[in-house]
Amino acid sequence: MQKIGHNFCCESNPQISDSFGVSRRGFIKGLMASSAIGLSDMSFANAPTDARFILIILRGGMDGLNVVVPYADKYYGVLRKELAYTRPGDISFGDISLGDTASNTPRATLDLDGYFGLHPALQRLHALYVKGEVAFVHATSTPYRRRSHFDGQDMFENGSNTALGGPEDGWLNRTLSLLHNGAKQGVSVGRTTPYVMQGNTAFLSLHPGLDLNILNPDIIHRIQKLYDVADDPIYNDGDFRMAFEQALNSSDLLKTLGADKKQRSERIKQLAHMAGNTLAMADGPRIATMSMGGWDTHADQDTVLTESVTNLSHVILQLQSSLGDAWQQTTIACVSEFGRMVQANGTDGTDHGTGGCAILAGGALNGAKVYGTWPTLNPDALYEGRDLYPTSDVRCVLAEILHSRFGLPKTALETTVFPSMVYNAMGVVS
């Protein structure tokens, strides 16, 4: 892969090929706007089609059970206890702290199909679901069956059955190679090129500024726990612990954290606006990837998950708005490396699990449905007695999008894009 370090002077770079198929000035304008707001990882690539595909990687292990809630499964509330969301129409409330404020938040889900309900913070996404422009695939996963973020993300992004020792390029890069017969027509935007896009297509690397998402509730909780081990000779630092607690109780820090959340939310919406405008261009790229962190909900899950799903909703809705008419040709897939354990842990959170949930959106979707075979949360049906049992391969969902919308042959999908996958379409796209 050809990667060029660059400091925001893209227009003068002779290696940005006009064969990319996009107005140089318009695309460069988008890149410059993105550098001002700070990106996580984001990539664009061209394809010879009017279809659009956006892959959003939810890094950290999204808790699908509290996003698409199986409220009618009699074991859900028993196992989740205080973290469980309730049936639609329930009037119970829970306090969720957001920065320096607290809101008395409804815990009732938004009904999807009489069995599953949507997280109560996703009212606007629920409206898209009703229109047929959002769907979900539950109890799905990659072939990965351990609980390491790094290995799980590696296996998902290389598209194989192997984490360490798997393909050196990403499955989306191999997809582009098939679509372009090997031509280099990609551009990577972000501090790094995501593994899923690494290979022979990206020819530009843009390095934006600091990611303000680094200071989040999960990291703060981990720091607190690290210095709260009474008998640890290294980390039992009473002075640091006292100073850190004083800082956390400081109104200045609380205001700063609140401001950071507002900045993150605004930055994410600006990023989605730029991405949607770029994909909407008549001569623009057709494929994009981006990453969103903050899904590792070991502690204070209500707060962390609510913020994360709210930001994801902002991204999807902003993409819909910015894509304009191109929304009808668009499919968005939001996928995490694994799900989370069914039972809550002792810190108001959930630990790494297996089966998860894919979130799909777009005008090219067969929406208003929760796809997949539900294995139930009966303790006898859990994977290793603790996790949602995966009943489908999430790669099949992605392969179906690439087959139906981009015309890739099934044989190429099973052998080149996702080696060792057995293609099994669910009918998620038209």
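How many of the six residues of strand E11 (residues 287-292) are buried? Six of its six residues are buried, so the strand counts as mostly covered, where buried means under 20% relative accessible area with a 1.4 Å probe and protein chains only. The model is predicted: local features need pLDDT of at least 70, side-chain atom pairs count only at pLDDT 80 or more, and totals for chains, interfaces and linings use all residues. Residues are numbered from 1 along each chain as its sequence is written, and side-chain values use heavy atoms, with hydrogens and water left out.

- Strands (E, at least two residues) and helices (H or I, at least four) are DSSP runs, numbered from the N terminus.
- In a regular strand the side chains alternate between the two faces of the sheet.
- Ile-287, Thr-289 and Ser-291 point one way from E11, while Ala-288, Met-290 and Met-292 point the other way.
- Strand E2 (residues 52-58) runs parallel to E11 and is joined to it by six bridges; two strands pair if DSSP finds at least two bridges between them.
- Phe-53 has Ile-287 in E11 as its bridge partner.

**A three-stranded sheet**

- Three strands make an open sheet in the order E3-E7-E6, with antiparallel pairing.
- Strand E3 (68-69) and strand E6 (110-111) are the edge strands, each pairing on one side only.
- Two bridges link E6 with strand E7 (residues 117-118) in the antiparallel sense, and Leu-110 stands opposite Leu-118 in E7.

**Helix H11**

- Ala-412, Leu-413 and Val-417 are buried in helix H11 (residues 410-417).
- These residues lie on the same side of H11 because they cover an arc of only 100° around the axis, taken from the directions from the helix axis to the C-beta atoms.
- Thr-411 and Thr-415, on the other side of H11, are exposed, meaning over 50% relative accessible area.
- The buried residues of H11 pack against helix H5 (171-180) and helix H10 (394-406), with contact meaning heavy atoms within 4.5 Å.

**Cavities**

- Searching the whole structure gives three cavities of 30 Å³ or more; a cavity is a set of points on a 1 Å grid over the protein atoms alone where a 1.4 Å probe fits but cannot get out.
- The largest cavity has a volume of about 90 Å³, volume being the space filled by probe spheres set on the points.
- Its lining has 14 residues, each with an atom within 4 Å of a point.
- Thr-140, Val-335, Ser-336, Gly-356 and Cys-357 lie nearest the centre of the largest cavity.

Note on methods:
On a 1 Å grid over the protein atoms alone, a cavity is a set of points where a 1.4 Å probe fits but cannot get out, and a pocket is an open set with protein on both sides within 12 Å along at least five of seven lines; lining residues have an atom within 4 Å of a point.
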